[in-house]
Each structure stands twice: as C-alpha cells, then as structure tokens.
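Morning, everyone. Here is the structure for today, so please have a look before I start.

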Amino acid sequence: QGLEKLGWSPGRNIRIDARFGATTPEQIQGRARELLAHQPEVILANAPHVVAAVQRAAGTVPIVFVAVSDPVGAGFIKSLARPGGNLTGLLNYEASITGKWMAMLKEIAPSLTRVALMGKHTTDFDYFFEATKASAPSMALETMPIRVETATEIEQAIAMLARTPTTGLL
C-alpha cells in the first residue's frame, strides 16, 4: 500500500521477488543467483551471513542490508559515513548501546559489580564486547564474555551466573 501511494504498482512498474529458508552458505548463494538471474536493480539482504553471500554473487548490483551490527568490521563497507562500493544499509544496534544497557542494569540493581555479555561466536559479539569493556569502568563494573551456541550452553551459563552474586546479564 505504501509503495502504491508513491506510484509503484506490482506488475506495472515494480517487481518484488523474495527468497527465504536458506540456511547454509551454499543455499544462500543459490538463492542469490536465482535473484540475480532476474537482473534486479537492488537487493535487500538481512543478517551478516546473507549479506556476505549476496555480496559475493551480486557483482555491482546495489545491496541494502538490514540486521547487521558491524558492517565495517565485517568488511561490507568502508565506514558508516561513506560506505563506498555497492552496499549500504541500516544497523540494528550501534555498539555503544551496551553502555546504555549496563546503565539500566546498574540503575535497577545498584550493587552490581560485574556484567556478563552473552552471545553467539560471531564478529558481532566482539564488536559489542569491546564497547562493553570500554563503558564498564565508568560504572565500576567488570565485564565477562560468555559465548554460547546451543540452548544447553545458554542454560549452563545462566545457571552459573545465578550462582555469581552482583552480576548482571546482557
């Protein structure tokens, strides 16, 4: 409806093709090749692993990314101010948000002495953990990285944190 208000109408002057359900790099590459066979004017890609696969296949086709936390660290763009190349997009969170999260935890529980950042083994984790470490001293907090992949690892980490007094979890 929003596109139609702007004068775009499917079948007349716009075509939207979507691909979902790919989970492996090979499947994502296949979906990207399927889309590129239609000679798109732009591709919207979500999540770092999808953006990476589409970037390899897309050549010079413009790519707009979403749900990417550290596009510079991932090598997708040169800088946030001047992306360069054929990629641009939106961050889901900028790393400094961890400072605000810690401040909220400290406000809720003033006796906190440490904060754990839990996340998957990704470059995004490092991006956020570096920002967490940078903000923590101003709030008199120690930081703990907790890298997890499975539900069991998450449960074990939460159980360990529950036994660790004055610790918050991000």
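First, a definition: two strands pair if DSSP finds at least two bridges between them. Helices (H or I, at least four residues) and strands (E, at least two) are DSSP runs, numbered from the N terminus. Two points on the source. This is a predicted model, where local features need pLDDT of at least 70, side-chain atom pairs count only at pLDDT 80 or more, and totals for chains, interfaces and linings use all residues. Residues are numbered from 1 along each chain as its sequence is written, and side-chain values use heavy atoms, with hydrogens and water left out.

Start with strand 1, residues 43–46. Strand 1 pairs with strand 2 (residues 63–68) through four bridges, in the parallel sense. Leu44 has Val64 in strand 2 as its bridge partner. How does the chain get from strand 1 to strand 2? It passes through helix 3, residues 48–58, in a right-handed β-α-β crossover. Right-handed means that, with the strands pointing away from the viewer, the path from the first strand over the helix to the second runs clockwise.

Strand 2 also runs parallel to strand 3, again with four bridges. Val64 has Thr88 as its bridge partner in strand 3. Contact means heavy atoms within 4.5 Å.

Now the core. A nonpolar core is a set of buried Ala, Val, Leu, Ile, Met, Phe, Trp, Tyr and Cys residues joined through side-chain atoms within 4.5 Å. Buried means under 20% relative accessible area, exposed over 50%, and partly exposed in between (1.4 Å probe, protein chains only). The largest nonpolar core has 17 residues, and Val51, Val54, Ala58 and Leu87 touch the most other members. Helix 2 (25–36), strand 1, helix 3 and strand 2 each give two or more residues. Helix 3 gives the most, with five. Ala58 touches Leu36, Ile43 and Ile63, leaving aside residues up to four places away in sequence. A second, separate core has seven residues, among them Leu117, Phe125, Tyr127 and Ala131.

Strand 4, residues 114–119, runs parallel to strand 6 over three bridges. Arg114 sits opposite Thr167 there.

Last, charges. A salt bridge is a side-chain nitrogen of Lys or Arg within 4 Å of a carboxyl oxygen of Asp or Glu. How many salt bridges does the structure hold? Four. In one of them, Arg19 and Glu34 have their closest N and O atoms 2.8 Å apart. Arg19 lies in the loop between helix 1 (2–5) and helix 2, and Glu34 in helix 2, so the pair ties together parts 15 residues apart in sequence. Asp126 and Arg147 form another, at 2.2 Å between the closest N and O atoms. Asp126 lies in helix 5 (residues 123–135) and Arg147 in strand 5, so this pair ties together parts 21 residues apart in sequence.
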